[in-house]
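Biologist: I am new to this model and would like to learn how to read its features. Please take me through a few of them.

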There are 2 protein chains.
Amino acid sequence: MANHTITFTLADSATTAVQVPTGTLVAEAARQAGVEIGQPCGGQGRCGRCIVQVTEGAVRRRSTLRLANEDLEQGFALACQTVIEGDVAAFIPPQEKIERRLTTDRVAAEVSVPPTYDYSYTQTVRRVHLNLKPPSTDDQTDDWGRLETSLRTQLGINAASISLGLMQKMSTIVREGKWRVTAVLAVDRGEQEPGPARIVMLQPGHVDEYSPLWGIAVDIGTTTVTLWLVDLVSGQVRAQVAEYNGQIARGEDVISRIVFTGKAGGGDEMRALVLGTINGLLDTACKRVKASPQEVVKATIAGNSTMIHLLLGIPAGNIRLSPFVTVVNQPPLLTGAEAGLAIAPDAIVDCLPGVASYVGADITAGVLSSGLNTAEEVTLFLDVGTNGETVLGNRDWLVTCACSAGPAFEGAGVIHGMRATAGAIEEVWINSGTCEPVIRVIGGGKPKGICGSGLISLLAEMLLTGILDKGGNIPKDAASERVREGEHGPEYVVAWGAETETGQDIVISHVDVDNLMRAKAAIYAGFTLLAEQVDFKLEDVHKILIGGSFGKYINVEKAVQIGLLPDVPWERFEFLGNTSVRGAYHALLDWRERENIKQIADRMTYIELSADNTFYDAFMSAMFLPHTDLSRFPSVSAALSKSSSS
Amino acid sequence: MANHTITFTLADSATTAVQVPTGTLVAEAARQAGVEIGQPCGGQGRCGRCIVQVTEGAVRRRSTLRLANEDLEQGFALACQTVIEGDVAAFIPPQEKIERRLTTDRVAAEVSVPPTYDYSYTQTVRRVHLNLKPPSTDDQTDDWGRLETSLRTQLGINAASISLGLMQKMSTIVREGKWRVTAVLAVDRGEQEPGPARIVMLQPGHVDEYSPLWGIAVDIGTTTVTLWLVDLVSGQVRAQVAEYNGQIARGEDVISRIVFTGKAGGGDEMRALVLGTINGLLDTACKRVKASPQEVVKATIAGNSTMIHLLLGIPAGNIRLSPFVTVVNQPPLLTGAEAGLAIAPDAIVDCLPGVASYVGADITAGVLSSGLNTAEEVTLFLDVGTNGETVLGNRDWLVTCACSAGPAFEGAGVIHGMRATAGAIEEVWINSGTCEPVIRVIGGGKPKGICGSGLISLLAEMLLTGILDKGGNIPKDAASERVREGEHGPEYVVAWGAETETGQDIVISHVDVDNLMRAKAAIYAGFTLLAEQVDFKLEDVHKILIGGSFGKYINVEKAVQIGLLPDVPWERFEFLGNTSVRGAYHALLDWRERENIKQIADRMTYIELSADNTFYDAFMSAMFLPHTDLSRFPSVSAALSKSSSS
């Protein structure tokens, strides 16, 4: 057999060459050349981490899995699936470039200021400089009268209002500023003429007009609360923080939370818990930019209907009782003080409009930020959270349903689960020969636990490598010390204590797997039933938009493999990250977007799935990896038979 | 000398006759006939309590003091000043009829519902019955949406708002009422079409539409707080209560109160004190009608500017510092909860508009209720309280000034002073021979103390009987055991301990007299200077309207005698009682009256008296009984020379 020279060029431009016979895998050639190429899946062409770029010479690709056509045209190839058929020059890209290239990896959309944002037109708060006439014995007008006069003569505002709280502080502020003050006004931007203005904040002197004016966009998830701190002048997100909802201690899902509020003082405690979480996040975010929470003048809040009720201390009891009605879907505007937020007491607090008991403002905000409401083609929007909500539709129609998925994909309800922050395992590859895992950790340090995307990845890898069977069981006969009997039954050790931040083994147990399967089964049952209800074939869907608190990446291929997402071509998927907080951010910046969310709420049709047994049947069918009906998952079926035959 | 028969007919129609010679006083004849006629002044023709009606026969009146022409035509005569010149028949009227007849007694105007009151047009709160559609699985609209729909379809109200607090209670209320509820709405009555409505109260079921809907009118005086509980459906005042302002413990006048708020926590304490007083009065008033304070849906509040600032926790410091400006003269509408009142949390709280630091809402409300703002002729309005405010003008112009009078005329700052409630001595007559007093006590029981009208009466009687000299000193050589040296210097015993409720002597001391003289001097200086400022001669004034917390009666003659009121014909005086709370009552009932108060505030010109030494000079000149310049008081001068010659 002819020998060929293969020359590897590394990212730092160093080169090295090796002689190999025809038919040698590029991966093997690299090993012989001493070039390190990651192969977490053990060379099965599954993980796509061994990508190289063939710049010259003849190769043959056994598999092109996970590579897009344009990548193939540029010579990209999987080292473990590509054989050498002549002299070859190959470039080894750095790892982070590989990750961007993989079509099954979906990276959460970056947050950039919407191009339509115009602080002086789309923003409903306005910072103005006022020069008040100082009083004298000839002009004994009251302080408030001076402020009103200044607003009228300088800005044409004829109707101004102020809270008692600010009235109490006003005389000190105007004198401290020597009758020069900065006011933040809440205004109606829809008006042609300056409409009525409410004074939200008063500061002595003239504050730099380009200095930040703070707002927050908040998503109250049943499991995770997310807060973005935004400079309303530039529109930029200046800090993003998230934390588990403090209410988790009183129930993992909305139903148990509602039940808890039925106890004496339960509603007050629930309210205090979530306020504690939000105010804590606010504090963290403000510290990062050296601002005070009291400087925040506007907040938009999304969340499911139960979360909004609990936040506002409104009884949620009827949400869980037939006929399942909320007290309010479109709460009135509140102030910071009324809402109990540690922001400016007179700040605008806007709880975004929801649709029904189980389709709240998180979904209307998500629909807005996903762009589903303006899509031409039929699009599916999935919010993968404690409540799995689905919206199907386009710019002409929108239907929605909800199911209780549980908090597993947010890392809660799983022993070593965690939020998608530094230290979370966000992707896992398992060598099918050795059962040894390779992990990717957010931030790159030692792992602390596993976040949602890591759990999806882990489950899929375990399934493909036989550590998990289709029924979700961990076989006891696995020939690896990583598979063992743990406290909660059979478990798989993802990381040994010696490698972890905590010093403890990070494992996934049978119980964790069961929770994850329930979550994915509920979500899958939800969107498939919704499509059936409107006689739409899921395979015809133009796009599938995925929202959720997974972190930055989600591996769509693996999510399909476990049966969480439908088996449609990967390029149709878009991973949007937390669509709810993103929608709240759009509403925070632009009153027209706020209007759009209201329109979404008004025109969305809610379909109740719990009305008969259909949901239960669909759920039970989905309690399998990927599904009892394998014909729904042709690509997974192929991969499974390939992996079991290898 | 010829004997004549004089026949007396008593109120119970019994008759008795006696023979007396020509020239006998009717009073003497009555004594001989065994008919009791009150002569508290000792037969000097001063008190007017010995009135009889001569129905037949010849008499000659030595004096007609205190009798109007029409009374003379009807035969009324003073028994102690009328001699018998033939056979006479005389009727002895019952005492209460006499009191009504005396032109110098001014009885506080009765409170009657204004004839223009129309609950369905002039009232800004409205009670409505709503029938909500119950929810079903086919109609999962939220509770608030059902309420909005009901308001729209049943009442044509398209924009309704609700507080978070009511939103929290709503779901329970609508279900308790089986989807039939009673709502109290705050509405804009000026609108042609139903304008926006704010929900003030929600109750389960349909409450009887004629059952009371409660409102309160409040006057916060520096010394006395007055509260009227009003049924807004009928417009009737159902309870009137008053109490000393709890802030008195922290200073008697507005200046010392303001100084107190400068201390740490001082403002909060002041606010709590007055709220304690108001909420206590509210409780008392509500108990009388078996209502709950929480049922009160609307409050209008009058008071001087300092009182309103302290009520609202707004710093009042600049009120006492040049250039003497308030923070706010026309406070925004508040809710019960914001104001800190123990009424319905969402009740309308309307602090009425004031004019300046020393002319507050008590005066604008007083001007309204006195009718000064619509008077054709130039009229003087005096508010005799801790702050003596004066308004001069008519429907075309209004000028006003203020002076610090102190709380003496409200019974505070006087050892045995008290408010005009049961047990207060409200009138005193002193026998010039014996120095023995006759007193009239509110409620008729044993005396507890002396109220404002009693103090005026007492001072005048003491002056006329020589127990007090023109300088306000109690001579040490008086030949009565009632004049003695007390703890605070010379004093006069008005009632011995054996006759009083408390068992202690009720006295008036030299210090008390001094306080009363300062108060009357300040008030007199105020209105005379105001008239001078606008070049108006006080003797040309058409009417003098007197407001203040004196109780039901004020003896105008005596008030003139001590130099509190100007020496003009008695028929020009009108005693209106508490004009401030009365104005608040009108504003409570009628939005047009509320508008009128605002117009009064807007058009009233405030004249600052403290600008130069003029006020001090005028004040010092008035620190005499009645005044250093006796030519200003011709009638008093005559009475004094008569009494000293008798």
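Modeller: Start with A:F324, which lies in the loop of chain A between α8 (305-311) and β17 (334-335). Helices here are DSSP runs of H or I with at least four residues, and strands are runs of E with at least two, numbered from the N terminus. This is a predicted model, in which local features need pLDDT of at least 70 and side-chain atom pairs count only at pLDDT 80 or more, while totals for chains, interfaces and linings use all residues. Residues are numbered from 1 along each chain as its sequence is written, chains are lettered from A and ligands numbered from 1 in the order in which they are written, and side-chain values use heavy atoms, with hydrogens and water left out.

Biologist: What is the phi of A:F324?

Modeller: Phi of A:F324 is near 55 degrees, a positive value in a residue other than glycine. A:C435 also has a positive phi, near 65 degrees, and sits in the loop between β22 (424-430) and β23 (437-441) of chain A.

Biologist: Is A:C435 buried or exposed?

Modeller: Buried means under 20% relative accessible area, exposed over 50%, and partly exposed in between, with a 1.4 Å probe and protein chains only. A:C435 has a relative accessible area of 10%, so it is buried.

Biologist: Which peptide bonds are cis?

Modeller: One joins A:L625 and A:P626, with omega about -5 degrees. A:P626 is in the loop between α16 (614-621) and α17 (634-645) of chain A. Another runs from B:S322 to B:P323, with omega near 5 degrees; B:P323 is in the loop between α8 (305-311) and β17 (334-335) of chain B.

Biologist: How do I read a pair of packed helices?

Modeller: Such a pair is described by the angle between the helix axes and the distance between the axes. Axes are lines fitted to C-alpha atoms, for helices over the stretch in contact, and angles run from 0 to 180 degrees between N-to-C directions. In chain A, the axes of α14 (residues 579-589) and α15 (residues 591-603) come within 5 Å and cross at roughly 130 degrees. Angles under 35 degrees count as roughly parallel, over 145 as roughly antiparallel, 65 to 115 as roughly perpendicular and the rest as oblique; α14(A) and α15(A) are therefore oblique to each other.

Biologist: How many residues does each chain bring to the contact between chain B and chain A?

Modeller: Contact means heavy atoms within 4.5 Å. Chain B gives 37 residues and chain A gives 37 residues.
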